[in-house]
Every structure is written in C-alpha cells, then in structure tokens.
Amino acid sequence: MPLTERSNVNKQSKQNRSRTSRTWRWLSCIALVTCFASWVLAQEPASANKSQSGIRKPQMSDTVKANMYADNWFILYINGELVAVDSISFVPHNVISVDMLPTYPMTIAVLAKDNADPKTGMEYANTNIGDAGFILKFGDGTVTNATWKVKAFSTGPIDRDTKNPRVRSEPVPADWFAVGFDDSSWSKATEYSHEQVGPKPVFNDYDFEGAKFIWSGDIELDNVVIFRHVVTAPPDGKKRTDFSNLNNVVPEGPQRPPRGKR
Ligand SMILES: [Ca+2]
Ligand SMILES: [Ca+2]
C-alpha cells in the first residue's frame, strides 16, 4: 500500500476510535443521569404522591340518591349534618332529590311542617285545617315507615275548634338533629296511604317504591313534627366505603397541579 494511502487509513481509524469513545461517554452520562433521577424520585416523601390515610377520594358512584317529599316543608340532617332543605316552603308541592355519601350507622333527623299559621294551626287565611305527610327513600334502600320515631311540637287548632282556633306548642330542642339526642320516649310514626296524603303529580317522577308516607298520629292537627331514625347497616346489603372522616385526612388520588397550570 502506498504511504499516503496508509496514512489516510490510519487517520480514518483514529477518527472512528475517537467517535466511538465520545458515544460511550455520552451513553455513560445518560445512564448516570437516569440513575440519579431514579434515586431522587425514590427519596420523595410518601405523602407527596401517595396518601398514608388509605382513604381514596369518593366518586359519584359512591353516592346514593335521596328522594324526599313533604306536605308541606322539611329540613333533613344526617349524623348531625345538614343534608337537605325543602326549597319551596308551601306550594307547589315538590320533591327534593340530592346525592349523598352514606355512612353507617346513619342517624336521620327530619323536622317537617304542615302549612299552618303558627298561632291558629290553620291554613289558607285561617279557613282550613289542612293535612300533612312526609316520605323519603334513599338509594341504599332506606325508606320511611312505622319504625321511625316521631314527636309533634305544634298542634292545632285544639279540639278542631276553627271558630276560636288555638295551638299547643313546645320549643324544638336545639340538638334535635344530634346523633346522641335522646328520643327514647318518642312514639312510633304512623303510616298513611297514598290516598290519604294525596301527593301531587311530581311525586310520580321519582323513585319512592317501598317507602310509606308517615306523620304523627294526627296528620291534620299536628303541624310541626320531628322524625328520627337510625340505619345501622345498608338495607340493600351493599358494602360501601366510609368517607365520614374525609375532611381530616389526605385522601389518595392524583396530586393537584401547581397553581397556574390547572
Ligand atoms: Ca298541607
Ligand atoms: Ca294541619
């Protein structure tokens, strides 16, 4: 081989070795960076990407539908917390339907009112005694019936005397909706038929199957009543996650992106 040609081959060989060496250095660098990144991620505190509570965030599929209808108004608490208020105090008669996260045992407390003048117990400008009624169904199978407890807090007109109408009332206890409230002396609710209460057509648009209309023993004269009921376990037997402590823990779930990137 001529001298010039041999020199060129050597030069090319040197260049190839140099290129290979650079490639290896690059690969080594990439491998080092990858290892370092993995190590850094492994050092992140558990709370940064994972909850220590073991409680996941609830989904809508964890909720149950609560359907309620009152003649004429109600407010409902569950386990001491406000869950639903009838948004229409008198007419038209309406159904309140809300989504809720059930937890057990579940103490339900409902204050219901007939439309009645608090001083006479009568309605429609003191021309009628009027009647009442309440019904409820939850998606877990909880329904109103005679197992619920009830107490009347305002009754009238006494003796059905519409000429000289008077009411008998007692103050509603401040803690009537508390879980620990003592209702042991209260009566069992009375069930009333669909015909007796005569719900308005909107009632038929919602699921109340299996539920009974309830009130105290006098659906005409008792105008303010409170119902209480404890559901110890889901009536439909379905196992559900308890989310009642959600505000005191960090639930598992995707981390929120930093402000400005949402
Ligand atoms: Ca009424
Ligand atoms: Ca009444």
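**View 1. Strand E5 beside strand E12 in the predicted model.** Ala-109 stands opposite Arg-228, a residue of E12. The two strands, E5 and E12, run antiparallel to each other and pair over eight bridges. E5 covers residues 106–113 and E12 covers residues 222–231. Six of the eight residues of E5 are buried, so this strand is largely enclosed by the rest of the structure.

**View 2. Strand E5 beside strand E2.** E5 also pairs with E2, again in the antiparallel sense, and this pairing has six bridges. In this pair, Ile-78 stands opposite Ile-108 of E5. E2 spans residues 73–78.

**View 3. Strand E6 and its pairing with strand E1.** E6 is made up of residues 133–138. Six of the six residues of E6 are buried, so the strand is largely enclosed by the rest of the structure. Gly-133, Ile-135 and Lys-137 point one way from E6, while Phe-134, Leu-136 and Phe-138 point the other way. Both sets are buried, the one with Lys-137 included. E6 and E1 pair in the antiparallel sense over six bridges. Across this pairing, Ala-70 stands opposite Phe-134 of E6.

**View 4. The largest nonpolar core.** This core has 34 residues. The members that touch the most other members are Phe-74, Val-110, Ala-112, Phe-134, Val-225 and Phe-227. Seven strands are listed as giving two or more residues each: E1 (64–71), E2, E5, E6, E7 (149–155), E11 and E12. E5 gives the most, with five residues. In soluble globular proteins, nonpolar side chains tend to be buried together.

**View 5. The surroundings of Val-225, a member of the core.** Apart from its neighbours within four places in sequence, Val-225 is in contact with Ala-112, which also belongs to the core. Further contacts of Val-225 are with Val-150, Lys-151, Ala-152 and Phe-153. Trp-215 and Ser-216 are in contact with Val-225 as well.

**View 6. Lys-212 in a loop.** Lys-212 lies in the loop between helix H3 (194–197) and strand E11 (213–215). Lys-212 counts as buried because it has 22 C-beta neighbours inside 10 Å, and the cut-off for buried is 20 or more. Leaving out residues up to four places away in sequence, Lys-212 touches Ile-135, Thr-144, Asn-145 and Glu-191. Ile-135 is one of the buried residues of E6. Val-143 is 69 residues from Lys-212 in sequence, yet their C-alpha atoms are 7.2 Å apart.

**View 7. Val-98 in strand E4.** Val-98 belongs to E4, which covers residues 95–100. Val-98 counts as partly exposed because it has 14 C-beta neighbours inside 10 Å. Its contacts, leaving aside neighbours within four places in sequence, are Ala-66, Val-83 and Ala-84. Ala-66 and Val-98 are 32 residues apart in sequence, with 5.2 Å between their C-alpha atoms.

**View 8. The whole chain, for orientation.** The chain holds three helices and twelve strands. Of its 262 residues, 24% are buried. Among contacts between residues at least 6 apart in sequence, 76% join residues at least 24 apart.

Definitions and conventions: Residues are numbered from 1 along each chain as its sequence is written. Chains are lettered from A and ligands numbered from 1 in the order in which they are written. This is a predicted model: local features need pLDDT of at least 70, side-chain atom pairs count only at pLDDT 80 or more; totals for chains, interfaces and linings use all residues. Helices (H or I, at least four residues) and strands (E, at least two) are DSSP runs, numbered from the N terminus. A residue is buried if 20 or more other C-beta atoms lie within 10 Å of its own, exposed if 12 or fewer, and partly exposed in between; C-beta atoms are placed from the backbone. Two residues are in contact if their C-beta atoms, placed from the backbone, lie within 7 Å. A nonpolar core is a set of buried Ala, Val, Leu, Ile, Met, Phe, Trp, Tyr and Cys residues joined through C-beta atoms within 7 Å. Two strands pair if DSSP finds at least two bridges between them.
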